[in-house]
Amino acid sequence: MNIDMNKIKELQEYSKELKVLYVEDNEEARVSTIEVLYEFFEDITIALDGLEGLDKFNNSTFDLIISDINMPNMNGIAMTEEIRKTDKEIPILIVSAYSESGYFIETIKLGVEGYLLKPIELEQFIIMLSKTIEKIKMKKKIEEYQKSLENANIKLNQDIKNQLYIDHLTSLPNRLALERELFKRNEDYIAMYILDINNFRKINEMYGFDTGNEILNNISKNIKEYAKNKEFSIYKISADEFVLLRRYKDYNLEYLHK
């Protein structure tokens, strides 16, 4: 396992200031996961199911939510749906014993940052936490910038705002941009293709992140070339996942497969 200790210290330094809501009904899973979480966070609120998690969310302020899916009273998906009615931006991570692919499209629409598989591996957690903290930092930066402009009544610089929606490695629209597109209220039909690079982290482990990033850039160029004349929008939604999205005014199966 190739872990940059300086990166871990940097994450710990920033994440210790964050308030986390952790929702998990299984005591054994809760105990093992908490051990990992306390390596990075000092302020953790625990809820034992989605209903309790929603109540704690409504009565406090959090920077990050980490939740199991299958729980009594209210599961993690239902809780996320309720949270998104009042807060569409707070980062939410799903922890699951299985990949639960049946929930994947639904969680994208709900703006879930990603999955963490039980038991949580340190490397997996660091990768996901790094991405999530970058989003939190950017959000705070924009909020601070907006506050500094309020008295002068100056519109937020669009270039800074767009940083939220771009993957900086490939310059492709990111998960947030995909969520924004999916939230559009129209009557179009959608075709969505998810490209997941299996075991990509092994490339990072064997050859380093620089080589891995170069490979991801080449893959993104190939996807762009493929989609160029097919009217697809391309998104990079995680470290090794891409989405091709296309809208159709009319539902026509033959047209879908051209």
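Two strands are said to pair if DSSP finds at least two bridges between them. Strands (E, at least two residues) and helices (H or I, at least four residues) are themselves DSSP runs, numbered from the N terminus. The structure described here is a predicted model, in which local features need pLDDT of at least 70 and side-chain atom pairs count only at pLDDT 80 or more, while totals for chains, interfaces and linings use all residues. Residues are numbered from 1 along each chain as its sequence is written, and side-chain values use heavy atoms, with hydrogens and water left out.

**Strands S7 and S8**

Strand S7 covers residues 233-238. Its partner is strand S8 (residues 241-248); the two run antiparallel and are joined by five bridges. A hairpin of two residues leads from S7 to S8. Within this pairing, Tyr 235 stands opposite Val 243 in S8.

A residue is called buried under 20% relative accessible area, exposed over 50%, and partly exposed in between (1.4 Å probe, protein chains only). Five of the six residues of S7 are buried, so the strand is largely enclosed by the rest of the structure.

**Salt bridges**

A salt bridge is a side-chain nitrogen of Lys or Arg within 4 Å of a carboxyl oxygen of Asp or Glu. The search of the whole structure finds eight salt bridges. The table presents some of them.

| Side chains | Distance, N to O |
|---|---|
| Glu 82 and Lys 85 | 3.0 Å |
| Lys 236 and Asp 167 | 3.5 Å |
| Glu 231 and Arg 246 | 3.4 Å |

Which parts of the structure do Lys 236 and Asp 167 tie together? Lys 236 lies in strand S7 and Asp 167 in the loop between helix H7 (158-162) and helix H8 (175-182), so the pair ties together parts that are 69 residues apart in sequence. Both Lys 236 and Asp 167 are buried.

Glu 231 counts as exposed, at 55% relative accessibility, whereas Arg 246 is buried, with a relative accessible area of 7%.

As for the remaining pair in the table, Glu 82 is partly exposed at a relative accessible area of 30%, and Lys 85 is exposed at 59%.

Leu 110 is found in the loop between helix H5 (104-109) and strand S5 (114-117). Leu 110 is buried, with a relative accessible area of 12%. Contact means heavy atoms within 4.5 Å. Leaving aside neighbours within four places in sequence, Leu 110 is in contact with Ile 77, Thr 80, Glu 81 and Arg 84. From C-alpha to C-alpha, Leu 110 and Ile 83 are 9.5 Å apart in space, although 27 residues separate them in sequence.

**Cavities**

On a 1 Å grid over the protein atoms alone, a cavity is a set of points where a 1.4 Å probe fits but cannot get out, and lining residues have an atom within 4 Å of a point. Grid points are joined across faces, edges and corners, and a volume is the space filled by probe spheres set on the points. Two cavities of 30 Å³ or more are found in the whole structure. The largest cavity has a volume of about 50 Å³. Its lining consists of Lys 7, Glu 10, Leu 11, Tyr 14, Ser 130, Ile 133, Glu 134 and Lys 137. Helix H1 (5-15) and helix H6 (122-150) each supply at least two residues of this lining.

How values were computed
1 Å grid on protein atoms, 1.4 Å probe; cavity = no way out; pocket = protein on both sides within 12 Å on 5 of 7 lines; lining within 4 Å.
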